[in-house]
Each structure stands twice: as C-alpha cells, then as structure tokens.
Amino acid sequence: MTALLDVRNLVTTFPGGAGTGLRAVDDVSFQLARGEVLGLVGESGSGKSVTGFSIMGLVDWPGKIAEGQIIFDGSDLAKASVETRRSLRGRRIAMVFQDPMMTLNPVLRVGTQMTEALHAHEKIGKAEARARARDALGLVGMPSPEERLDAYPHQLSGGMRQRVAIAIAFLHRPDLIVADEPTTALDVTIQAQIISEFQKLTEDSGTAVIWITHDLAIVSGLADRIAVMYGGRIVEAGGIAEVLERPRHPYTRGLIQSVPSENSRGTRLTQIPGVTPSLINMPEGCAFRTRCARATAACVQRPGRFGDEDSYHRCFHPHEEALR
Amino acid sequence: MSMTQERANAAAYGAERPLLELRQISRRFGSSPDLAARIAIALGAAKPAPVVHALDRVDLSIRRGEVLGLVGESGCGKSTLGRIAAGILQPSEGTVLWEGEDRNGFRGRRLRDADLKAQMIFQNPMAALNPRMNVETLVAEAPKIHGLIKGPVGEYVDDYLRKAGFDPTMKRRLPHQFSGGQRARVNIARALAVQPDFLVCDESVAALDVSIQAQILNLFMDLREQLDLTYLFVSHDLGVVEHISDRVAIMYLGRVIEEAPVEEVFARPNHPYTQQLLAEVPRIRPGKRRFAAMKGELPSPLNPPKGCHFHPRCPFAFERCRTEAPATREIAPGHRSACHLNDQSAA
Ligand SMILES: Nc1ncnc2c1ncn2[C@@H]1O[C@H](COP(=O)(O)OP(=O)(O)OP(=O)(O)O)[C@@H](O)[C@H]1O
Ligand SMILES: Nc1ncnc2c1ncn2[C@@H]1O[C@H](COP(=O)(O)OP(=O)(O)OP(=O)(O)O)[C@@H](O)[C@H]1O
Ligand code: SF4
Ligand code: SF4
Ligand SMILES: [Mg+2]
Ligand SMILES: [Mg+2]
C-alpha cells in the first residue's frame, strides 16, 4: 500500500547562524497511511510546529523548505505551485494551529468564517452552509452552537476559540489534519470530547492525523505511531507500544520517566538535567549530548538512523531493556 | 516518612489548628462585565450587569505543612479561590482565618506580616515579571521594601536564586533572555525572597516542557522540606495534582464538591462529577482507547443551575437535585462530599 503522506529528508531553515542557516527541521522523514494517527512529540522548540507548517506550505518567508520531499497522495508538495497548495489547504489538508487566532479572523463572525470556508470549496446554498457550520460546532462540544455562529472570536473563551478552529478543520472531512497542540488549552472533560470526534473522523472518513503535543498520555491512547523530536530531528520513531514500553533513545526515556504517574507520589520525579539548547548553539553531533548521561566521545559525531523506516532511533548507545 | 509529611498527617486528623481557614466564602463579580458576561449580553441570554457567582459559600482549610491540590474545570473559580487564600482579593462574603484569627481584623505590622507570609506564584511567568527589571532587581524588590534584608543585597538574592535552582551569575540579565523554565525559577525565587509560610501556585508548571516541569515539581517538594512550606496547588493537570498533593479539593461551578486525602479520592471518588473527572486522568498506557465525551451542556457561572450545580450533567440526578443544593457531609475520616446520594445510602 502506498502511503497517503511520505515525508522524505525534509530540511526547513530560517536565516541566521553560520553557513546554510538555522535548521529548524533537520532531515525529518516519516510516512502516514490513511486513517492513521501519528503522535509527534518532543521538547519545546524542537521543530514540531515547523514540520506541520512545512507540510501545509505555510513556512513564513524568509524561512524555506531547503531540502527533501513531501509526497502527498503521489505528488510532491515541496515542489507544488502556490495555487496547488492553496486548493489543497482546507479541503484535503487542514491544520489546527497552536494559536486558534491563526485560523480565525477577528473581525468576522464565527458563522461567516465557517460558511465562507465551505463556499470556498463547495457549491452549496446559504441555509445548508449555515446548518453544516452549526452541526460542526455542536460536534466539538460548543454550548449553544446556533447562537455562537453570530459571535465574534473575541467574545469566546480561549477554549471555545480552539473548538471553532477544530470545527473549521473538520468541515471538509479532509484526508489529512495536522493538529498542533489542539487540546492543550482545554479541560480534560472537553479534551476527551474533542479527541473522540477526531477518532470518529479517522474511522468514518479515513482521515489521517498528525497529532503534535507535549502530552504523552494522550498520544499513548490515540496514536498508532509516534515520532519524538529533539533539536530539529526525529530521534526516535516507531509503533506506539514499542516506543513507550521500550524507549531506546535517552531523551525519549527521560521524557516518559519525567511524567508524574500514579506510582510517583512521594518520590522525586526523574528529571532531564539542564535546559533545552536553542538552535543557534545546538551542540554538534548528537544534539542531546549536553544533557545525556550516556554520552561518550562517539557522540560528537552525528548519529545516523539505526533501524528501518518504520522503527528507528538516532543514538550510539541506545537502551535495550524495557521500561520498569 | 519525612518530618513534614508526618506533620501533615497529624494535621489531617485535627491535631493542629489550620494555617488558613476559609469559611463560607462567596465572591461575586458584577459591575464591569467580564468576557462571559459580554457574550451572554450579546446573545440576549442575560440582562446587562449580570453577576458572576465565582465562589458560592466555600469552606476549606489548609493545615500547616500540607499540599492541598485544587482541581476543576476552567472557570469554576480556582484562581479566584487562590487569590482570596493568598490575601490579594477580598471575598464578597465570608471569613478568612489566618492562624485562627480573622484576617479582616489585622492592622499595621500584623497585617503586613500576614500579607508577606502568603505568596502567590502566577500562571504566566512572563506576564508576572517586569520586562525591564533584571533578575536581581526583581528578586530584591519586595524584601528590600519590607526591610527583610539584613546583610548585602547581592548575597541575599543569590541565596534565594540558588534555592530556586537558578544560576546567580545570570542575575544581571532581563526576563526575556531566559527560557520558560528559568523564568519559572525566577518567579519562585521572587516569592521565596519574602520568606513566606504559604504559597499559592496557580498553574505554575502548566506552560513548561515536561522535562522542565519535572525539575520544577521536584524543586517545590525540596523547598517544602527545607523551608517548611504549605501549598495550595492549583492545576488542571490531574496527574500533577496526584503526584504533589496530600489532599485534594475538587471544585465545580463555584463550589467545593469533594475533599479528601489524595489516595482516598483517587481510589474512591464519591461525587459523580469527581468520578467522571478522574475517569479521564491521562496516563501513559500504550494501546488505543475510546475517548468519551461527558454528556450535557457546560454550565455558566452567570446563571448556575438550581439545586446541585452538577445536575444537568449528572447521570444519577433525581428530583431533589434540581431544587435543593446538597450539603457537604463527611463520608469517611477526612473525606467530604456534597451529593444527595450520600443521604440515601445512609437512610
Ligand atoms: N518564523 C521563524 N523565524 C525564525 N525561527 C523560527 C521561526 N519559527 C520557528 N523558528 C524556530 O524554529 C525552531 C522550531 O520551532 P517550532 O515552533 O517548530 O518548535 P515546536 O517543537 O513546535 O515547539 P513548541 O512545543 O514550543 O511549540 C525554534 O527554535 C524556533 O525558534
Ligand atoms: N475580575 C473579574 N471580573 C469578572 N469576572 C471574573 C473576574 N475574575 C474571574 N471572573 C469570573 O469568575 C469565574 C471564575 O474564574 P476563575 O478565574 O477563578 O476560574 P478558574 O477556575 O481559575 O479557571 P481557569 O482554569 O480557566 O483558570 C469565571 O466565570 C470568570 O469569568
Ligand atoms: S548519541 Fe550519545 S549523546 Fe546522543 S543520546 Fe545517544 S548516548 Fe546520548
Ligand atoms: S446531588 Fe444529585 S445531581 Fe448532584 S451529584 Fe449528587 S446525584 Fe448528581
Ligand atoms: Mg509548536
Ligand atoms: Mg485560573
């Protein structure tokens, strides 16, 4: 079976530093089949959002896709025209942004924005568009959806705005949704509702989802596969159970162990020492080297990918044993 | 078991008078309509100048040395309660007792001391820090005003920065030059520098990376031991609350609906809302699971439902729930819950 999305050796840069610029996304590859959910996790600033923007064709100038391919349903988006990109966006590929105001226009009513999004790609009447917009709001748990159609974004709470943005992403039942921290600002109860709607969409419409988050707990129950980013690179990728039960890369392991669990009460949490390095002073070789307890002289070389396309890590001294 | 924890346990059985006690605290916001109010007016769901019942007759006490976790949905009144506990917001009704005495009766030095002894660490570390002051000035500001610094200011500041795990050699820099985790540490150093007994932490780790969050949570626990601190720990992250708290209070729409030692409430949640909330505690557990939505409309603090606030979403609601607010009952030692079902099973 061919993948819906096949990202190959993607490099996205911003000007700065020396030479070829800052590599916010550095040699990232992964594949996604229809109906599949990929959890993309990692440290703040590790390049998760920029990976999402690259797929969407929304990397802001002077940033650019410098290398690699983004093959969506057989054609390479990295080389596609601006028009091709635009016609796909919203209809076949949608993004839920970390900040919902990137989707929402502050001077238009919610209903207007939603019906405009529908009219942009579909020939439907006014009444039908409004009904579909209202139903989409209902799906994401918006209280009084009919009334909310007439509200402006500033009249909604942060969580409600995020739900409007999600409803807009759902409108065309796209093939792929890049969801960037879609539920981080929401309560657990509403979070569960939104995730259940995502689950229905993947099952009913075969929509594939890239779920970007810090929250390993959500990913563990939602994703089929997981990719862990650090310093612009995917440092570990694989099936969800495989990676969470037997993390090989020391960063992945540290990340999982630092999450409080029902057994952690009264004990100190395992912590990853140090701070996240910025792109400008990213260590050479393995970017995690300055915080890693297993680092040796070998790690000043850049680790390649060990494993196959579906399951690999980038570490010279990987853990072998299962967690706990 | 540590000293602090032993004391907290002793306190849990009433051996000690609470450090802070809130009695029948209500807080309403009215005059200038907030966001929720403006929407409601715009939608015709409310008349102008509506009243937000942010807190409705809340009783809560915090014992010296314990960590009390406070959880609940967005808008249920956690921050409002935290600000009242920290003494930076006045209740509309009710009494706040500090070490057994009515805080309203405090004057002069007693008032100033009580103010300093309770500190709040806010949610957004960037917004809380003046961007034009360097770290040293930020940390020294309050203790200087209050004459707490006896020796050289630099040493005093370094000491508190070190306690918060912040490298004092960076103290001449401005807040924007630091990462989120470092700013959180500055904020903590700043609160510690006035030598408080009691810290209200309002979503203090929410904005941090998981790897940094663990560092800060460990820091809170270390400081508790070293400085004998008492915490009110407000968070929407149930995993974090479970990790750090001795006791947990659960709020729903302006009321504390359940309160119990942490193991007890996670093992035997009594209130139907708590049961639904805890069913959603995120755990790392590989394997697809069904996420399910809680039924019913989200309530509004503008016109809370009559009777039990939870009745429109409660699967067990019966006639009485729609008219009469349930009283809080002790259902096990130290475990209190406000649900009519507890009367039925007793009868
Ligand atoms: N427009 C831009 N110009 C310059 N650098 C940028 C730009 N956008 C992002 N970056 C840099 O690219 C890197 C990756 O950023 P990105 O937003 O993808 O991180 P992230 O993994 O999504 O982090 P977070 O979890 O905090 O959202 C960061 O170092 C960031 O500073
Ligand atoms: N200064 C204010 N003026 C008017 N209304 C207010 C004010 N502060 C809070 N409120 C209202 O009181 C209610 C409780 O707010 P509070 O901030 O205490 O909630 P919270 O539980 O901390 O929510 P969150 O989890 O979103 O931080 C909300 O409806 C809020 O809109
Ligand atoms: S390559 Fe070396 S420094 Fe990098 S994670 Fe592995 S052991 Fe640590
Ligand atoms: S009092 Fe009634 S409505 Fe409220 S939680 Fe108990 S059973 Fe449910
Ligand atoms: Mg991001
Ligand atoms: Mg709050």
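I started with one salt bridge: the side chains of R290(B) and E203(A) meet at 2.6 Å, N to O. I counted a side-chain nitrogen of Lys or Arg within 4 Å of a carboxyl oxygen of Asp or Glu as a salt bridge. Between chain A and chain B the count is four salt bridges.

A note on the source: this is a predicted model, where local features need pLDDT of at least 70 and side-chain atom pairs count only at pLDDT 80 or more, while totals for chains, interfaces and linings use all residues. Residues are numbered from 1 along each chain as its sequence is written, chains are lettered from A and ligands numbered from 1 in the order in which they are written, and side-chain values use heavy atoms, with hydrogens and water left out.

Next I looked up the contact (heavy atoms within 4.5 Å), and found 58 residues from chain A and 48 residues from chain B in it. About 4300 Å² is buried between chain A and chain B, with carbon and sulfur atoms giving 56%; this is the accessible area (1.4 Å probe) lost on putting the two parts together, summed over both.

Last, I checked ligand 4. Among the residues around ligand 4 (a heavy atom within 4 Å) I noted H271(B), C308(B), H311(B) and F316(B). Its shell has nine nonpolar, three polar and no charged residues, with Ala, Val, Leu, Ile, Met, Phe, Trp, Tyr, Cys and Pro as nonpolar, Asp, Glu, Lys and Arg as charged, and the others, Gly among them, as polar.
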